[in-house]
Structures are given as structure tokens and as C-alpha cells.
Amino acid sequence: MRFTAPARRSTGLRDADGMAVASFVLGLLGLLVLNVILGPVAIALAAAALWRGTARRGRAALGLGLGVADLLVLIAFMRADQTLSWSF
């Protein structure tokens with residue numbers, strides 16, 4: 001007795017598209033708060049979305065760029081404050 005439908009290819013693409021959008025949103029949010037956490041998550045989601053062949057390659061690329069920017073902002077503020085974290 002089977003209770004679930006078999007997985008289809010469109011489900012995988014929809015997941016990849018969702019990862020692309022999530023990486024963009026998390027990368028953008030990471031510029032403001034928790035960039036040490038949200039930056040790497042955005043990078044990982046963008047890489048996974050691109051690897052799975054998302055139709056939203058632009059959003060995935062933006063998420064990847066914003067994730068890298070999150071880490072660069074963190075490094076810049078850490079060097080300016082000479083601490084291991086930064087605050088306003």
C-alpha cells in the first residue's frame with residue numbers, strides 16, 4: 001500500500017528555485033544582522049541551487065554574491081574594531 005506519490009522532476013526544480021530565492025533573501029538580510037551565520041548559509045544554498053540547475057540563476061548568483069559580501073562586511077568591521085565580532 002503506497003501513501004505518497006512518486007517524486008517528479010518538477011519537484012526538484014521547484015526545490016532548487018526555492019533555494020535560489022532563500023539564498024538571495026538570507027544574503028540580503030545577512031548584510032544587516034547575523035552575517036557570520038547567514039553569509040555561509042546563503043553561499044551554500046546558492047551553490048546547491050546552481051548545482052541542481054535552478055531556473056532562477058540570477059537570484060542564485062545574487063545570493064552567492066550577497067553571501068560573500070556578508071563575510072567581507074564582517075571582516076571589514078572586525079578589522080576596524082579589532083575584535084572577533086562587531087556591533088553598532
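Me: Where is Ile-75 placed?
Reply: Ile-75 sits in helix 3. Bear in mind that this is a predicted model.

Me: What is the relative accessible area of Ile-75?
Reply: The computed value is 45%. Ile-75 is therefore partly exposed, as that class lies between 20% and 50%.

Me: How far is Ile-75 from Val-36, in sequence and in space?
Reply: They are 39 residues apart in sequence. In space, C-alpha to C-alpha, the separation is 9.5 Å.

Me: On to the helix pair. At what angle do helix 2 and helix 3 pack?
Reply: The angle is about 155°, and the axes are 8 Å apart.

Me: Roughly parallel or roughly antiparallel?
Reply: Helix 2 and helix 3 are roughly antiparallel, because angles over 145 degrees count that way.

Me: And is the crossing left-handed or right-handed?
Reply: Helix 2 and helix 3 cross in a left-handed sense.

Me: Which residues make that contact?
Reply: From helix 2: Asn-35, Val-36, Leu-38, Gly-39, Pro-40, Ala-42, Ile-43, Ala-46, Ala-49 and Leu-50. Helix 3 brings Arg-57, Ala-60, Gly-63, Leu-64, Gly-67, Val-68, Asp-70, Leu-71, Val-73 and Leu-74.

Me: Switching to Arg-14. Which helix is it found in?
Reply: Arg-14 belongs to helix 1, residues 9-30.

Me: Is Arg-14 buried or exposed?
Reply: Arg-14 has a relative accessible area of 54%. The cut-off for exposed is over 50%, so Arg-14 counts as exposed.

Me: How far apart are Arg-14 and Thr-54?
Reply: Along the sequence, 40 residues. Their C-alpha atoms are 7.9 Å apart in space.

Me: Zoom out. How many helices and strands does the chain have?
Reply: The chain has 3 helices and 0 strands. Read from the N terminus, the order is α-α-α.

Me: What share of the residues is buried?
Reply: Buried residues account for 24% of the 88 in the chain.

Me: What does the accessible surface come to?
Reply: About 6,100 Å² for the chain. Carbon and sulfur atoms hold 69% of that surface.

Me: Last one: contacts between residues at least 6 apart in sequence. What percentage join residues at least 24 apart?
Reply: In this chain, 68% of those contacts do.

Key:
Residues numbered from 1 in each chain as written. Predicted model: local features only at pLDDT ≥ 70, side-chain atom pairs only at ≥ 80, totals over all residues. Heavy atoms only, no water. Axes fitted to C-alpha atoms, helices over the stretch in contact; angles between N-to-C directions. Helix = DSSP H or I, 4+ residues; strand = E, 2+ residues; numbered from the N terminus. Parallel < 35°, antiparallel > 145°, perpendicular 65-115°, else oblique. Left-handed = near helix turned anticlockwise from the far one by under 90°. Contact = heavy atoms within 4.5 Å. Buried < 20%, exposed > 50% of the residue type's maximum accessible area, 1.4 Å probe, protein only. Areas by Shrake-Rupley, 256 points an atom, 1.4 Å probe, with all protein chains shown as cover.
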